[in-house]
Amino acid sequence: MSLEKITNPLSARHWMGDMEADYVYTLGVAGERFFKEIKENGRIMGAKCPLCNIVFVPPRMYCEKCFEKLEEWVDVGRKGVIHTFTIATIDVDGSKLKKPVIFALIKFEGAHGGLIHKIGKTDKARIGMKVEAILRPPKERKASINDIEYFKPLE
Amino acid sequence: MSAKIKNYSGEVLETKDIKDGKVLTEKFRPKAKFAWSAGIAISRFLDELKNGNIIATTCSKCGRVMVPPRIYCEKCYGPTDGWTYVKDTGAINTYSVSFLAADATRLKEPIIVAIINLDGASEGMGIIHRIGEVENWKEVKFGMKVKAVWKPSQQRTGAITDIKYFKPLKEEKP
């Protein structure tokens with residue numbers, strides 16, 4: 001005996017469970033101001049280091065090169081360039097998406113870093129492609145990354 | 001904190017600030033579902049509980065009677081090769097008295113949890129369960145004889161809770 005085999009774990013007695021691994025993430029001082037700028041003023045901002053002359057996007061409180069406190073914020077504009085991209089055919093749970101979604105890292109001129117977002121209005125993306133952020137109407141904005149609906153190709 | 005530094009820069013946040021929406025937050029619950037399989041031996045053990053029996057596995061090589069049952073003898077490194085019933089009586093091997101509930105709230109009546117060496121099983125083989133029908137937790141002693149108190153058969157579901165608790169076994173006076 002005892003060598004009976006089962007291949008489906010659900011054919012044995014089993015317990016179903018749900019791990020309540022909730023989390024609450026606070027955006028922090030710089031993150032909060034960044035999203036409020038998008039919500040209230042429709043501006044994508046970067047934080048500039050006066051010593052290194054680097055503009056960080058998304059903005060942070062301190063320069064990661066020289067640790068200087070960053071107090072000067074600059075508008076980097078809504079236009080950027082696709083630095084790299086990927087096409088997703090499944091969602092976060094692994095279910096097949098009806099329509100593939102293009103996700104890209106978008107860099108802004110003169111800025112260090114970039115934003116990861118969806119590319120809309122096209123099914124083709126290319127490295128180096130110029131794109132522009134399409135913001136939701138002010139009333140629909142919630143101070144979240146989704147206040148930018150997607151980035152639209154300019155070509 | 002260093003003697004020279006009186007205040008660190010940064011924002012102090014309390015749970016209340018987050019609950020009241022003073023700061024922006026992202027809330028998320030991952031779909032972390034799981035199915036835990038009881039395996040061959042424990043599945044049968046639980047099915048037998050439904051019938052009011054406690055079943056063990058045996059190993060003919062070392063002669064041990066193992067409960068809870070397992071399909072592999074950890075002493076002989078081989079599959080176990082028999083099933084046998086053990087009694088629903090036993091002796092307390094070790095116990096713990098908890099004045100805290102599972103959610104860490106204070107309890108007036110403590111929960112007594114014990115490892116019970118079951119009669120008919122090899123030495124040191126037993127199950128963990130609650131001790132009930134004890135007026136004062138100080139009455140509980142190591143080696144105390146106990147007996148399972150079962151739920152009525154129609155209420156049993158094939159779970160360890162088919163045994164409500166173990167109660168002290170009053171020894172018959174000669």
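Reader: Which residue in E4(A) stands opposite A:Lys48?

Author: A:Val55 stands opposite A:Lys48. This is a predicted model, in which local features need pLDDT of at least 70, side-chain atom pairs count only at pLDDT 80 or more, and totals for chains, interfaces and linings use all residues. Residues are numbered from 1 along each chain as its sequence is written, while chains are lettered from A and ligands numbered from 1 in the order in which they are written.

Reader: What makes strand E3 and strand E4 of chain A a pair?

Author: Two strands pair if DSSP finds at least two bridges between them. Two bridges join E3 (residues 45-48) to E4 (residues 55-57) in chain A, so the pair meets that cut-off. The two strands run antiparallel. The names come from DSSP runs numbered from the N terminus: helices are H or I with at least four residues, strands are E with at least two.

Reader: What pairs with strand E1 of chain A?

Author: E1 (residues 14-19) of chain A pairs with E2(B) in the antiparallel sense, over six bridges. One of the partners is B:Ser37 in E2(B), bridged to A:His14.

Reader: How many residues does each chain bring to the contact?

Author: Chain B brings 29 residues and chain A brings 28; two residues are in contact if their C-beta atoms, placed from the backbone, lie within 7 Å. On the side of chain B that touches chain A, E2(B) gives the largest share, six residues.

Reader: Which residues of H1(A) are buried, and what puts them on the same side?

Author: A:Phe34, A:Phe35 and A:Ile38 are buried. They cover an arc of only 85° around the axis, so they lie on the same side of H1(A); the arc is that of the directions from the helix axis to the C-beta atoms. The buried residues of H1(A) pack against E3 and E11 (148-153) of chain A. On the other side of H1(A), A:Glu40 and A:Asn41 are exposed.

Reader: Why is A:Glu37 called partly exposed?

Author: A residue is buried if 20 or more other C-beta atoms, placed from the backbone, lie within 10 Å of its own, exposed if 12 or fewer, and partly exposed in between. A:Glu37 has 17 C-beta neighbours inside 10 Å, so A:Glu37 counts as partly exposed. A:Glu37 is in helix H1 of chain A and touches A:Arg43 and A:Met45, not counting residues up to four places away in sequence.

Reader: How far apart in space are A:Glu37 and A:Asp75?

Author: They are 9.6 Å apart, C-alpha to C-alpha, and 38 residues apart in sequence.

Reader: What share of chain A counts as buried?

Author: Of its 155 residues, 19% count as buried.
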